[in-house]
Amino acid sequence: MQTVNRITTLLISIVLISFLLDKLTYFAIKNIEENVFTGQNVGKFNHYLTVKDTIDLAFYGSSRANHHFNPDMFSENSFNMGMDGRKLAYCWTAIKLLPNNKEQEVIINIDPGNVFNVNYKGEDLNSLTYQFHKNIQIKEELTRFKNKIINPLINFYWCISYNSKLLGIIVNYLKPKYNYKRYNGYDPIVVSETQKSIRRKIFQRNLVDDCVDKDSLLNEPNKLAINYLKLIIEYCNLNNKSLFIVTTPIRNDYCKKDNQRLHQIMDSLSATYWDFTDFFKENEDPDLWKDNTHLSSSGANQFSKYFSSEIKRYRQSSKE
């Protein structure tokens, strides 16, 4: 009996000590992380949190948003929150953090793949797990749907929220990549000679009609993606946000069924939607592109100039 009691006491002691050590470590990391404002690990989102209440225009989406929208051509007070691999769960969570009832414009890059990918489970939101114990709105989203994979131990061991992020936090804390105060979130792509050589090889390949693999997906869009899309539209309608949903240019898009279906969905949701997939279809200049789906800085500037003029026309017509 004494042996059992000793083992029980030892286990309880280990748990309590590990709990205390975890909290000490967590707050030490948190103190460093909250002073990091560069890099896509945590810095860019931290930067966004400092400007979201004052900007009048924000861009959201994946790398195609990050590299395709030059904020300077739209507004002097805007921020590009596009990031690699981010989809609708991440977009919604970032948008819901905007100030309620403040007049702002929201532009989201959404591609057909964001809506018709049957395997999408909102996993892009996991990049915000580090905010789990800091921001109640983000915590709500991380636990909103049952198919979210959140380690249940995160409620006891808080350091779990910084899993896979610690090295990036330390690197950007000790050596920031840029002066974030002069950064508007836009990362233009300047194509090097080596990348141009790779690009030529990519462009010489025979492209496959991507409709073959998508036919079975077009009738039933991903329900989770549609739920997020509805949340975004409802929030913007209720909080004085002008929402513009955009599909930015792709070099060669052989499949049009998914574009047509996406149009139908946007119409059914009464969303303001532009499809610029074929914007450069008649322009064969390879220097507009980094690859088949990402514009170079030259292409992004041309596209941003045109799209910003469309936004200005829309603003003007809304006032009339």
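The following paragraphs describe the overall build of a predicted model and then a number of its individual residues.

The chain contains 320 residues, of which 48% are buried. Its secondary structure consists of eleven helices and five strands. Along the principal axes, the C-alpha atoms occupy a box of roughly 85 × 50 × 45 Å. Among the contacts with a separation of 6 or more, 77% are formed by residues 24 or more positions apart. The accessible surface amounts to about 16,900 Å², and carbon and sulfur atoms supply 53% of this area. With regard to charge, 41 positive and 35 negative side chains are present, and the centres of these two sets are separated by 7 Å.

Aromatic side chains were examined next. The angle falls between the limits of 30 degrees for stacked pairs and 60 degrees for edge-to-face pairs. F19 belongs to helix α1, which covers residues 2-33, whereas F156 is placed in the loop between α6 (136-142) and α7 (166-174); the pair therefore ties together parts that are 137 residues apart in sequence. F19 has a relative accessibility of 28% and counts as partly exposed. F156, with a relative accessible area of 32%, is likewise partly exposed.

A further pair is formed by Y26 and W158, with ring centres 5.3 Å apart. Because the planes of these rings meet at 85 degrees, the pair is edge-to-face. Y26 is part of helix α1 and W158 is part of the loop between α6 and α7, so this pair ties together parts that lie 132 residues apart in sequence. The relative accessible area of Y26 is 1%, which places Y26 among the buried residues. W158 has a value of 23% and is partly exposed.

K23 is positioned over the face of F156, at 5.7 Å from the ring centre. In another case, R86 is positioned over the face of Y90, and the distance to the ring centre is 5.0 Å.

The surroundings of I169 were considered in detail. This residue is located in helix α7 and is buried, its relative accessible area being 1%. Leaving aside residues up to four places away in sequence, I169 touches I29, I32, E33, V36, N41, V42 and Y162. For E33, one of these residues, the separation from I169 is 136 residues in sequence, yet the two C-alpha atoms are 5.9 Å apart in space.

Several exposed residues in loops were examined as well. E76 is situated in the loop between α3 (63-66) and β2 (78-80). Its relative accessible area reaches 87%, and E76 is accordingly exposed, since the cut-off for this class is over 50%. Between E76 and K290 there are 214 residues of separation in sequence and 27 Å in space, taken from C-alpha to C-alpha. K281 occupies the loop between β5 (273-275) and α11 (297-319) and, at 55% relative accessibility, counts as exposed. The C-alpha atoms of K281 and Y235 are separated by 35 Å, while the two residues are 46 residues apart along the chain.

Attention was finally given to backbone angles. N101 is not a glycine, although its phi is positive, at about 65 degrees. This residue is placed in the loop between α4 (88-96) and β3 (104-109), where N101 is exposed with a relative accessible area of 53%. A positive phi, near 55 degrees, is also found for S270, which is a residue other than glycine. S270 lies in the loop between α10 (257-268) and β5, and its relative accessible area of 66% makes S270 an exposed residue.

How values were computed:
Residues are numbered from 1 along each chain as its sequence is written. This is a predicted model: local features need pLDDT of at least 70, side-chain atom pairs count only at pLDDT 80 or more; totals for chains, interfaces and linings use all residues. Side-chain values use heavy atoms; hydrogens and water are left out. Helices (H or I, at least four residues) and strands (E, at least two) are DSSP runs, numbered from the N terminus. Buried means under 20% relative accessible area, exposed over 50%, partly exposed in between (1.4 Å probe, protein chains only). Contact means heavy atoms within 4.5 Å. Accessible areas come from the Shrake-Rupley method with a 1.4 Å probe; for residues, only the protein chains shown count as cover. Lys and Arg count as positive and Asp and Glu as negative; His and the chain ends are not counted. The place of a charge is taken as NZ of Lys, CZ of Arg, CG of Asp or CD of Glu. Rings of Phe, Tyr and Trp (its six-membered ring) pair if their centres lie within 6.5 Å; planes under 30 degrees apart count as stacked, over 60 as edge-to-face and the rest as tilted. A charge sits over a ring if NZ of Lys or CZ of Arg is within 6 Å of the ring centre and within 35 degrees of the ring normal.
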